[in-house]
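Open the model in a viewer and keep the selection tool at hand.

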Amino acid sequence: MLKIKVVNKGHQQLPAYATSQSAGMDLRANLDAPVVLRPLERKLIKTGLFIALPEGYEAQVRPRSGLALKHGITVLNTPGTIDADYRGEIGVVLVNLSQEDFTVEDGERIAQMVIARHEQADLVVVEELDETERGAGGYGHTGVK
């Protein structure tokens, strides 16, 4: 299992996997007072967590499906990326896409964090690309079936 160093300057428990096959760990709001998100309003919600990822890894911050379905709350820059060289506090940009106010409570599970391996690429300029069956077909190119 990959080891990740974490500093918890908040008062919440550390993120943990809910089941043995969960991909993401729940991130919790670390608040002094509840935060109200009005319809279409966005706010940065702090977690109190600071991590040091190994080189070649990122942490992806993603919405929680329950908050999205039940309350219209999502992570605005989905997935948010935490780079291996970032040492600041993990914050989550929440947005309220519903028509009702939503109150974020201290300790509430607000997002999930997925640890993922990644590669860096060296872009090579060429005059043309190889042909494929799909070609330049973009959004909706396969039609309705």
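The tour below goes from salt bridges to a sheet.

This is a predicted model, in which local features need pLDDT of at least 70, side-chain atom pairs count only at pLDDT 80 or more, and totals for chains, interfaces and linings use all residues. Residues are numbered from 1 along each chain as its sequence is written, and side-chain values use heavy atoms, with hydrogens and water left out.

Select Asp 26, Arg 64 and Arg 109, which are linked in a network of salt bridges (a side-chain nitrogen of Lys or Arg within 4 Å of a carboxyl oxygen of Asp or Glu). Between Asp 26 and Arg 64 the closest N and O atoms are 3.2 Å apart. Asp 26 lies in strand 2 (residues 25-28) and Arg 64 in the loop between strand 6 (57-62) and helix 1 (65-71), so the pair ties together parts that are 38 residues apart in sequence. Helices (H or I, at least four residues) and strands (E, at least two) are DSSP runs, numbered from the N terminus. Asp 26 and Arg 64 are both buried, where buried means under 20% relative accessible area, exposed over 50%, and partly exposed in between (1.4 Å probe, protein chains only). The salt bridge of Asp 26 with Arg 109 is 3.1 Å, N to O. Arg 109 is in strand 11, 83 residues from Asp 26.

Strands pair if DSSP finds at least two bridges between them; strand 7 and strand 9 (residues 91-96) have 3 bridges. End at Ile 73, whose bridge partner in strand 9 is Asn 96.
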